[in-house]
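This briefing goes through one protein chain, topic by topic. Please keep the sequence and the 3D view at hand while reading.

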Amino acid sequence: MATLRVMLTFPQDLVREPVIYTVAKTYHLVPNIRKARVTETSGEATLDLTGVEEDLKRGIEHLTRLGVKVKPIASGRPAK
């Protein structure tokens, strides 16, 4: 298992959608939301995603296809 910390920036049309839940369930990932800021027009979330490397890759690709900006962040701790 690996853990990847990312910052997600959501476009306005996805702010009300359960994007994190859907990607976690579809790709067998465990999300740990570290910080989030959501308004009616924008959304940002910093979270750790834990899962198998291939599932992490596919989950990130899925988010990108939806229009979510994904920025990897150094977590300051070794991956599990």
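**Helix H2**

H2 is followed by Gly67, which has a positive phi, near 105 degrees. The model described here is predicted.

- Helix H2 covers residues 53-66, and its 14 residues should span 20 Å at 1.5 Å a residue. The C-alpha atoms at its ends are 20 Å apart, which agrees with that expectation.
- Which residues of H2 are buried? They are Asp55, Leu56, Gly59, Ile60 and Leu63.
- Viewed down the axis of H2, these buried residues fall within an arc of 135 degrees, so they line one face of the helix.
- In an α-helix there are 3.6 residues a turn, so residues three or four places apart point the same way.
- Cover for the buried residues of H2 includes strand S1 (2-10), helix H1 (19-26), strand S3 (43-51) and strand S4 (69-73).
- On the face of H2 turned away from its buried side are the exposed residues Glu53 and Arg65.
- Arg65, which lies in helix H2, has a relative accessibility of 60% and therefore counts as exposed.
- Arg65 and Thr41 are 24 residues apart along the chain, and their C-alpha atoms are separated by 20 Å.

**Helix H1**

- The buried residues of H1 are Val19, Ile20, Val23 and Ala24. Around the axis they cover an arc of only 125 degrees, which puts them on the same side of H1.
- S1, S2, S3 and H2 are included in what covers the buried residues of H1.
- The exposed residues Tyr21 and Lys25 sit on the face of H1 turned away from its buried side.
- Just after H1 comes His28, with a positive phi of about 55 degrees.

**Salt bridges**

Side chains of opposite charge can pair when their charged atoms come close. With a cut-off of 4 Å between a side-chain nitrogen of Lys or Arg and a carboxyl oxygen of Asp or Glu, the count comes to five salt bridges.

- Glu40 and Arg16 meet through their side chains in a salt bridge, at 2.9 Å from N to O. This pair links distant parts of the chain, 24 residues apart: Glu40 is in the loop between strand S2 (30-38) and S3, and Arg16 is in the loop between S1 and H1. Glu40 and Arg16 are both exposed.
- Arg34 and Asp48 form a salt bridge through their side chains, at 3.9 Å from N to O. Arg34 lies in strand S2 and Asp48 in strand S3, so the pair ties together parts that are 14 residues apart in sequence.
- Arg37 forms a salt bridge with Glu44, and the closest N and O atoms of the pair are 3.7 Å apart. Arg37 counts as partly exposed at 46% relative accessibility, and Glu44 counts as partly exposed at 29%.

**Thr46 in strand S3**

- Thr46 is placed in strand S3. Its relative accessible area is 11%, under the 20% limit, so Thr46 is buried.
- Which residues are in contact with Thr46, leaving aside its neighbours within four places in sequence? They are Arg5, Val6, Met7, Asn32, Ile33, Arg34, Lys35 and Ile73.

**The chain as a whole**

- The chain has two helices and four strands, and along the sequence they follow the pattern β-α-β-β-α-β.
- The radius of gyration is 12 Å, close to the 12 Å that the globule rule gives for 80 residues, so the chain is as compact as a globular protein of that length.
- Taken along the principal axes, the C-alpha atoms fill a box of roughly 35 × 25 × 15 Å.
- Of the 80 residues in the chain, 34% are buried.
- Among contacts with a separation of 6 or more, 70% are between residues 24 or more positions apart.
- The accessible surface of the chain is about 5,200 Å², and 56% of that surface belongs to carbon and sulfur atoms.

Key
Residues numbered from 1 in each chain as written. Heavy atoms only, no water. Expected span 1.5 Å × (residues − 1). Buried < 20%, exposed > 50% of the residue type's maximum accessible area, 1.4 Å probe, protein only. Arc of directions from axis to C-beta. Contact = heavy atoms within 4.5 Å. Rg over C-alpha atoms; globule rule 2.2 N^0.38 Å. Areas by Shrake-Rupley, 256 points an atom, 1.4 Å probe, with all protein chains shown as cover.
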